[in-house]
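Here is the note you asked for on this entry, written for someone who is opening it for the first time. Please keep the sequence and the model side by side while reading.

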Amino acid sequence: MGMKNNNKFIVDPVTEEMRKRARELGIRTVWERYKENHARSKDAPFQATCMTCQQGPCVDVKRTGVCGMNKDIIVAKNLVSETTIGASAHVGHGRRIANILKGVGEGSVTAYSIKEPEKLDRVYSGLGLSGAKTNEEKAVEVADAILDDISKLTGVPRMLVYRALEERRKLWEEKGILIDGGCPEIMEAMNRIAMGMDADMENLLLGACRLGLVDAYCGMYPATTIQDILLGVPKLIRIKTNLTVINPEEINVIVHGHIPALPDAVVSAAEEYNADPANSPKVNVVGMCCTGMEVLMRRGVNYAGDILQQELAIATGAIELVVVDIQCTQPAIVEAAKHFHTKVVTTDPMSKIEGAVHIEFDPERADEIGRELIKMAVDNYANRDQTKVYVPDHEPHDMIGGFSTEQLLEALDKVKPGDPVGALVDNIKNGNIRGVAAVIGCVTPRDEYGFRTVELLRELIKNNILVVLTGCVATVASYHDLLKPDPTYPGVGKTLAKVMDAIAKANGLEALPPCIFMGACVDNSRIEEVLNAVADYLKVRIDQLPVAGSAPEYIAEKAIPIGFWTVSLGIFTHLGDQPNVAASERVVKWLTDDVERIFGGKFYVEADPYKAAKKIIEVIEEKRRALGI
Ligand code: SF4
């Protein structure tokens, strides 16, 4: 399954060195476990196996299971199951953050405030609400509307009506995938895959498309929107990345997971601690995974590592505390931590890990818990064995992030005052920018670290494709300096570099980075905002735009509903690995061909980054030709 390095690709030396160090210490990392597991089950992705009922399990079904369900249905059903899990993760995120907004509005949560009243106003009226007099009242009503979107039995979520283009909404209604509330949708998705229920492949796969909409409008959008309102709309910010931001001279705390609420309180508590001259050494909070990206964008916190680097960070021996919230925390970090003094603290009741300390996050006590965690880290510093500390001797990488939709439009407005979308569209029309590719998702242990993502990005920018990034792919991009502003624009196509330079100059910047980092996984919602604005400006459908999506190294289930959402939006969506559907040619054909006739978008699977880039460019050029530009 792994892609062969072309020998020109230089793997991040910091990660390589820390993997070696972990091996020496007897710490099994994700790479070792990946090899072990896939050596045992190399045929697993090609099986149609159903474990739904007690007549089964029906393993490696060639014709039908005991109940008569054929392998196409089994494979489609399993995919719906995976998609449901992914969507529920983002809806869970949306629900948690909406409850905090409500608490802020009602006055029971005081650790956060309405940092962006303008955005609150926009969202308030966008959701069709009116009549509230104060920001607090608006916050409560927005939170209630979002919680209602998540829970209501019937009726289209307000967020979908607000954010999706009317043309898409009508198409989704016509094709029968317009959704009700997020939780009933998730319940019905589980219902349809129960024994003796949905045995129609296309109906099941359209059900997965519904879950894509659930993920977007009851999960990602609420998360991004509320986090912006409470914690600030991201603005351009410079930070440092990679494991070498861990400072052996300081008390190191990692914030890890996806919801930035508690991490924000941890950062504030650390700042408070560090402000006291009597306190030495100081506390160095660093980020990991999507939580890391959230605090990077809004608090300027340096970024220590992605989903694959979590054990390696602990293997530095210099981590006093790892605070995790939800999602993408590999339970193996607890085993890695046992080699050192490192404490792992879980904070969400749905995401405990055996062997970790559990301190439940209560938004009403956020400040207090933040201080408690910093005290725990400070106290634990005394237990550090300095002889075990090992941080590779490499400089961290420079990165510029914080391209929220608002920030992007503000920057473009400086290029063409009063017509920011026009500034982008002009350059797409005249061909300086051939098209836009959104590259998103995780990084995988299948290949050499970052190979697939970084080589894909290099090919795209070389060919004047504007690349926007969200999620862990951004970390490997930064380790290869693709998020570092450099006025010589190394590796960037000539005309794209010219546009980037013009935007940079208009904004008083030395340069823009070769790729544009828009945030964590939930911030895929920002990408749709930009695409909607461009489609609206050009008076065309999204599926007509010269754009593509790509998840070259996805791992988490969350990527599957995101993919169904982008396909339902009409976007050509590249996946670096096929979901576990290869046992059914019919399912593969539906996903990679038939669905295009319904929504205008489809999946395309290709592991090789060069072939994938070539195909993405071909699709973009075809769309340009069809538009006559
Ligand atoms: S639902 Fe059908 S295919 Fe699945 S385990 Fe039961 S008998 Fe087998």
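The points below go from the whole protein to its sheets and then to the annotated sites.

1. Basis of the note. This is a predicted model, in which local features need pLDDT of at least 70 and side-chain atom pairs count only at pLDDT 80 or more, while totals for chains, interfaces and linings use all residues. Residues are numbered from 1 along each chain as its sequence is written, and side-chain values use heavy atoms, with hydrogens and water left out.

2. Overall make-up. The protein has 23 helices and 14 strands, where helices (H or I, at least four residues) and strands (E, at least two) are DSSP runs numbered from the N terminus. Its radius of gyration is 24 Å, close to the 25 Å that the globule rule gives for 629 residues, so the protein is as compact as a globular protein of that length; the radius is taken over C-alpha atoms, and the rule is 2.2 Å times the number of residues to the power 0.38. Along the principal axes, the C-alpha atoms fill a box of roughly 65 × 65 × 55 Å.

3. Among the contacts in the protein with a separation of 6 or more, 77% come from residues 24 or more positions apart, contact meaning heavy atoms within 4.5 Å. The protein exposes about 23,700 Å², of which carbon and sulfur atoms supply 51%; these accessible areas come from the Shrake-Rupley method with a 1.4 Å probe, and for residues only the protein chains shown count as cover.

4. The six-stranded sheet. An open sheet of six strands has the order β11-β10-β9-β12-β13-β14, with parallel pairing, and two strands are taken to pair if DSSP finds at least two bridges between them. At the edges stand β11 (516–519) and β14 (603–605), each with a single partner strand, so one side of each is left without a neighbour in the sheet. From one strand to the next the twist averages 25°, using axes that are lines fitted to C-alpha atoms (for helices over the stretch in contact) and angles from 0 to 180 degrees between N-to-C directions. Strand β13 (residues 572–575) pairs with β14 in the parallel sense over three bridges, and histidine 574 has tyrosine 604 in β14 as its bridge partner.

5. Strand β2. Six of the six residues of strand β2 (residues 251–256) are buried. In a regular strand the side chains alternate between the two faces of the sheet. Here Ile251, Val253 and Val255 point one way, and Asn252, Ile254 and His256 the other way. Six bridges join β2 to strand β3 (residues 283–288), and the two run parallel; isoleucine 254 has valine 286 in β3 as its bridge partner.

6. The annotated site with six residues. UniProt, in an unreviewed entry, places the feature "binding site" at His258, Cys290, Cys328, Cys442, Cys472 and Cys521; such positions are given in the numbering used here, feature names are shortened, and annotations may be inferred rather than shown by experiment. These residues span 264 residues in sequence, yet no two of their C-alpha atoms are more than 12.9 Å apart, so they gather at one spot. Cysteine 328 lies in the loop between β5 (319–324) and α13 (332–337) and is partly exposed, at a relative accessible area of 21%. Not counting residues up to four places away in sequence, cysteine 328 touches several residues, including His256, His258 and Cys289. Cysteine 442 lies in the loop between β9 (435–440) and α17 (451–462) and counts as buried, at 8% relative accessibility. With the same exclusion of residues up to four places away in sequence, the residues that cysteine 442 touches include Ile307, Cys472 and Tyr554.

7. The annotated site with four cysteines. The unreviewed UniProt entry also places the feature "binding site" at Cys50, Cys53, Cys58 and Cys67. Cysteine 50, in the loop between α2 (30–40) and α3 (71–106), counts as buried at 8% relative accessibility. Leaving aside neighbours within four places in sequence, cysteine 50 is in contact with Pro57, Cys58, Met69, Ile74 and Lys77.

How values were computed
Buried means under 20% relative accessible area, exposed over 50%, partly exposed in between (1.4 Å probe, protein chains only).
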